[in-house]
Every structure is written in C-alpha cells, then in structure tokens.
Amino acid sequence: MSSPFVDSFGRHHDNLRISVTDRCNIRCFYCMPADNVEFMPKSHLLTFEEIVRFVKVVVQRGVKKIRLTGGEPLVRRDLHKLIEQIVAIEGIDDVGLTTNGILLADQAQNLYESGLRRINISLDALDPVKFKEVTRREGYEQVLAGIRAAQEVGFDPVKINAVSIRGLTEDQIVPFGNLARETGVEIRFIEFMPLDADATWQREKVLFASEILEKLSTEIGPLKPLPTQDPSAPATDFEFEDGRGRIGIIASVSQPFCGQCNRFRLTADGKIRNCLFSLEETDIKQLLRENADDQTILAAVEASIQAKKEGHEINTARFIQPDRPMYSIGG
Ligand code: SAM
Ligand code: SF4
C-alpha cells in the first residue's frame with residue numbers, strides 16, 4: 001500500500017462515508033424541508049459500478065472503513081448488492097450502514113447475507129406522537145419492527161442514533177437509557193448540528209451531552225466511560241456501572257472531536273467533502289465518467305484532504321452553514 005491520506009494537521013483519513021441517495025421516506029425537521037424537496041436527478045447519482053470503482057481506488061491509500069448513508073440508503077434499490085461488492089474488496093475491513101429503519105424489517109435478511117454486520121438505526125423518540133413531530137411522517141412502528149428484525153437476524157452491534165433537541169427530547173433520555181438496559185442496543189445521543197435544510201438551528205436548541213449524562217446518572221444510575229475507545233470515533237462510550245446498558249455520546253457542538261477526525265465523504269452525486277461543514281467540494285463523478293486513471297482520482301482526493309480545515313467553527317461568530325443540508329451530504 002502506498003502512503004495514507006494525511007491532511008496538513010497530520011490526521012490520517014481511512015474512513016469513508018458514502019451517500020447512496022439524497023431521497024428519503026421521512027422528513028426530519030433537523031435535516032430536510034417538510035415539503036417540495038428538490039432531489040438530485042437520477043442521472044446525477046453515482047451508479048453502483050462507479051461507487052465500487054471509487055472504493056477500489058481509495059483502498060490503495062489505506063481506506064478501510066466504509067459507512068453507507070444518505071438520504072435514506074434503503075430507498076436505493078438493491079442496496080444489498082452494492083454492499084456485497086464493497087465487503088468483497090480486499091483491504092476493506094469494516095462496513096456499516098446508517099438507516100432510519102423504516103424499510104429495514106423487509107431488507108434485514110438480505111443486508112445480513114450481503115456481509116453487512118454493523119447497523120445504526122436513527123430514532124429520536126420512543127413515542128409515536130413525538131416521532132411524528134420530528135419526522136413529519138408516520139413510521140414509528142416500522143422503525144421498531146426494523147430494530148427487532150436487525151437484532152433477530154444477528155446484526156451486531158445494533159445502535160440507535162437519537163438527535164437531542166432542547167425543548168423536545170429531554171423526556172426521551174430516560175426511556176432510551178432504559179431501552180439500552182433492557183435490549184442490549186447501544187443508544188447514541190447526538191447533539192443537534194447546524195445542517196438543517198430550513199436553517200432554523202440555534203445553539204439554544206442543542207441539548208448538551210453533559211446534560212444528557214447528568215440526567216441518565218441521576219435518574220437511572222451512575223455511568224462509567226468504557227476503557228477501550230477508538231480515539232477517532234465520534235462517540236464517547238459509557239456503560240452503567242452495574243454493567244447493564246451502553247450509552248454513546250456524540251458531542252459535536254459542545255466538545256468537538258475534529259482533532260482526531262479520520263473521515264471524508266462521497267456524496268450521492270459524486271462530490272468529495274473533507275468535512276460535514278465544508279464549504280467546498282471536489283467533483284469525482286466527472287473523473288469517474290471520463291474514465292480517469294487511478295492516479296488522477298487519487299490526486300483529486302489527496303488535494304481535497306490536504307485542504308481540510310482544522311475544525312468546524314460552529315462555536316464561533318465565523319461559522320457559515322453549508323448550502324448542502326444533511327440529507328444531501330450524507331450524515
Ligand atoms: N436516513 C438515514 C438516517 O436517518 O439514519 C441516514 C442519513 S441521516 C442524514 C444520518 C444521521 O444524521 C441520522 O442519525 C440523523 O439523525 C443524523 N442527523 C441528520 N441531521 C442532523 C443534524 N442536523 N444534527 C445532528 N444529526 C443529524
Ligand atoms: Fe431522512 Fe435520515 Fe434526514 Fe431523517 S435524518 S430526513 S431519515 S435522511
């Protein structure tokens with residue numbers, strides 16, 4: 001293998017998030033507009049062949065971890081066939097999927113058979129009324145069925161991603177803590193980030209990690225950090241001291257983890273983004289469609305990673321929200 005992708009701050013980039021679509025079957029308010037969403041034309045989406053080619057190219061520089069996301073990845077037809085091809089690429093040793101879970105019960109078996117083992121399911125409330133308030137669509141029971149199916153089929157780990165929003169999800173923290181204890185599913189609380197299509201994010205709406213941990217500790221029981229942690233992982237993991245129930249905290253706003261970041265992203269329309277909050281991107285689709293050679297593609301990725309900023313600036317007056325909302329970047 002030749003040298004890894006290293007940015008100007010010495011961070012190694014071996015972790016790629018691939019968005020397979022910007023379409024979605026729900027409309028979470030912190031991500032998408034409620035109605036009249038303009039999706040990318042189908043011809044702009046990378047084909048499975050193009051995605052696989054890109055992965056084969058970047059593997060040469062040590063990329064070994066892939067996560068598929070969207071939009072909602074399970075609305076992309078035959079996703080399991082893409083996963084099967086990615087899992088088979090030599091050098092890829094970890095493939096994960098982030099999904100809203102609505103279509104998961106139907107697809108869990110196929111996904112498992114494709115070689116996928118790690119799955120994160122997004123669910124912000126354990127209450128159908130609140131679910132609808134967040135997602136502006138029905139689907140709560142389908143998500144629960146998806147979580148059950150994922151566990152039954154054998155996915156391990158199954159994690160739940162819950163975005164925490166002040167004034168809305170405080171009362172969900174303890175029920176989620178209890179769910180973690182009862183089912184063995186890890187609950188990961190994510191601070192609300194300024195990537196919503198409606199640009200209504202305000203710092204006051206972020207329910208901070210410290211408050212979540214405090215609530216869990218006082219209302220359920222003390223938590224201890226888990227010893228073996230991957231320093232580049234966005235979540236800090238905890239366990240209740242009695243050994244029952246795992247909690248992950250993604251404190252993107254209150255405790256940014258940019259210093260350890262090892263991630264870059266490929267959007268569904270074939271753009272490289274070196275950060276969720278990046279204001280620039282690099283077009284890879286055109287290179288793939290021109291049948292550019294591997295070195296040309298690698299040089300484009302290298303240049304993008306080299307240009308990565310030290311960190312996001314959410315906590316400064318300089319912060320500018322990117323034009324692309326989360327559903328179009330791939331979270
Ligand atoms: N549709 C899939 C899902 O919801 O899991 C995959 C894409 S979604 C963009 C990926 C993750 O980003 C989800 O866990 C979602 O909750 C999270 N997310 C979306 N917008 C966010 C925001 N503004 N702040 C924090 N997390 C966000
Ligand atoms: Fe869809 Fe996921 Fe965005 Fe919710 S967070 S609107 S499920 S892409």
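1. A quick definition to start: two rings of Phe, Tyr or Trp count as a pair if their centres lie within 6.5 Å. With that in hand, here's a cluster to look up: Phe29, Tyr30 and Phe192 form one aromatic cluster. Keep in mind that you're looking at a predicted model.

2. Searching the whole structure turns up 9 aromatic pairs. One of them is Phe5 with Phe264, an edge-to-face pair with 5.9 Å from centre to centre and 75° between the planes. It ties together distant parts of the chain, since Phe5 belongs to strand β1 (residues 5–6) and Phe264 to strand β12 (residues 263–266), 259 residues apart.

3. Next, have a look at Phe277 and Phe319. Planes over 60 degrees apart count as edge-to-face. The ring planes of Phe277 and Phe319 are at 70°, with the centres 5.8 Å apart, so this pair is edge-to-face. Phe277 and Phe319 are both buried.

4. Finally, a couple of arginines are worth a click. Arg117 lies over the face of Tyr112, 3.7 Å from the ring centre. Over at Phe240, the ring has the charged end of Arg181 sitting over it, at 4.9 Å from the ring's centre.

Methods:
Residues numbered from 1 in each chain as written. Chains lettered and ligands numbered in written order. Predicted model: local features only at pLDDT ≥ 70, side-chain atom pairs only at ≥ 80, totals over all residues. Heavy atoms only, no water. Phe/Tyr/Trp six-rings, centres within 6.5 Å; stacked < 30°, edge-to-face > 60°. Helix = DSSP H or I, 4+ residues; strand = E, 2+ residues; numbered from the N terminus. Buried < 20%, exposed > 50% of the residue type's maximum accessible area, 1.4 Å probe, protein only. Lys NZ or Arg CZ within 6 Å of the ring centre and 35° of its normal.
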